[in-house]
Amino acid sequence: MIGDKIRELREEKNILLRQLAAQLDMDTAMLSKMERGDRFFKKEDIQSLSKIFKQNEKELLILFQVKATTLIVQR
C-alpha cells in the first residue's frame with residue numbers, strides 16, 4: 001500500500017524518517033504511523049512526497065485512493 005511505497009522510496013534514497021518528517025513539517029512519530037498504515041496520509045502529503053521523491057503524483061495518488069477504498073469496504 002501507500003505506506004510501504006513511501007518507506008521503500010525513503011530507504012532507496014537513504015533518507016531517515018526524521019529527515020523526511022522535517023521536509024513534510026510533521027512529527028516523526030506521525031510519519032512512522034503513516035508508513036505502517038496506522039494513520040492516514042492526506043492528499044497534500046502525497047503531493048509533497050511525489051515532489052520529494054520525483055515520482056509520478058498520479059501513481060502515488062492511486063495507491064492513496066486504494067488504501068482509502070479498502071478501508072471503506074472493510075467497514
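Buried means under 20% relative accessible area. E35 has a relative accessible area of 3%, so E35 is buried. This glutamate sits in helix 3 of a predicted model. The chain holds 5 helices and 0 strands, in the order α-α-α-α-α.

**Overall make-up**
- Of the chain's 75 residues, 35% count as buried.
- Take the contacts with a separation of 6 or more: residues 24 or more positions apart account for 51% of them.

**Nonpolar core**
- The largest nonpolar core has 18 residues.
- Those with the most contacts inside this core are I6, L20, L31, F41, I46, L49 and F53.
- At least two core residues come from each of helix 1 (2–12), helix 2 (17–24), helix 3 (28–36), helix 4 (43–52) and helix 5 (57–74).
- Helix 2 supplies the largest share, 4 residues.
- F41 touches I2, G3, I6, L31, M34, E35, I46, L49 and F64, leaving aside neighbours within four places in sequence.

**Surroundings of E35**
- Leaving aside neighbours within four places in sequence, E35 is in contact with G3, D4, I6, R7, R10, L17 and F41.
- Two arginines, R7 and R10, are among these contacts.
- An aspartate, D4, is also in contact with E35.

**Helix 2**
- L17, L20, A21 and L24 are the buried residues here.
- Viewed down the axis of helix 2, its buried residues fall within an arc of 100°, so they line one face.
- R18 and A22, on the other side of helix 2, are exposed.
- The cover over the buried residues of helix 2 includes helix 1, helix 3 and helix 4.
- D25 follows helix 2 and has a positive phi, near 60°.

**Helix 3**
- L31, S32, M34 and E35 are buried in helix 3.
- These residues cover an arc of only 160° around the axis, which puts them on the same side of helix 3.
- The buried residues of helix 3 pack against helix 1, helix 2 and helix 4.

**Helix 2 against helix 3**
- The two helices pack at an angle of about 105°, with axes 9 Å apart.
- Helix 2 and helix 3 are therefore roughly perpendicular to each other, as angles of 65 to 115 degrees count as such.
- From helix 2, the contact takes in L17, R18, L20, A21 and L24.
- Their counterparts in helix 3 are T28, L31, S32 and E35.
- By class, the residues of this contact are 5 nonpolar, 2 polar and 2 charged.

**Helix 1 against helix 3**
- Helix 1 and helix 3 pack at an angle of about 120°, and their axes are 6 Å apart.
- That makes helix 1 oblique to helix 3.
- G3, D4, I6, R7 and R10 of helix 1 meet M34, E35 and R36 of helix 3.
- This contact has 2 nonpolar, 1 polar and 5 charged residues.

- E35 takes part in the contact of helix 2 with helix 3 and in the contact of helix 1 with helix 3.
- L20 is among the core residues with the most contacts, and L20 also meets helix 3 from helix 2.
- I6 is likewise among those core residues, and I6 is in contact with both F41 and E35.
- R18 is exposed, yet R18 belongs to the contact of helix 2 with helix 3.

Conventions:
Residues numbered from 1 in each chain as written. Predicted model: local features only at pLDDT ≥ 70, side-chain atom pairs only at ≥ 80, totals over all residues. Heavy atoms only, no water. Core = buried A, V, L, I, M, F, W, Y, C linked by side-chain atoms within 4.5 Å. Buried < 20%, exposed > 50% of the residue type's maximum accessible area, 1.4 Å probe, protein only. Contact = heavy atoms within 4.5 Å. Axes fitted to C-alpha atoms, helices over the stretch in contact; angles between N-to-C directions. Parallel < 35°, antiparallel > 145°, perpendicular 65-115°, else oblique. Nonpolar A, V, L, I, M, F, W, Y, C, P; charged D, E, K, R; others polar. Arc of directions from axis to C-beta.
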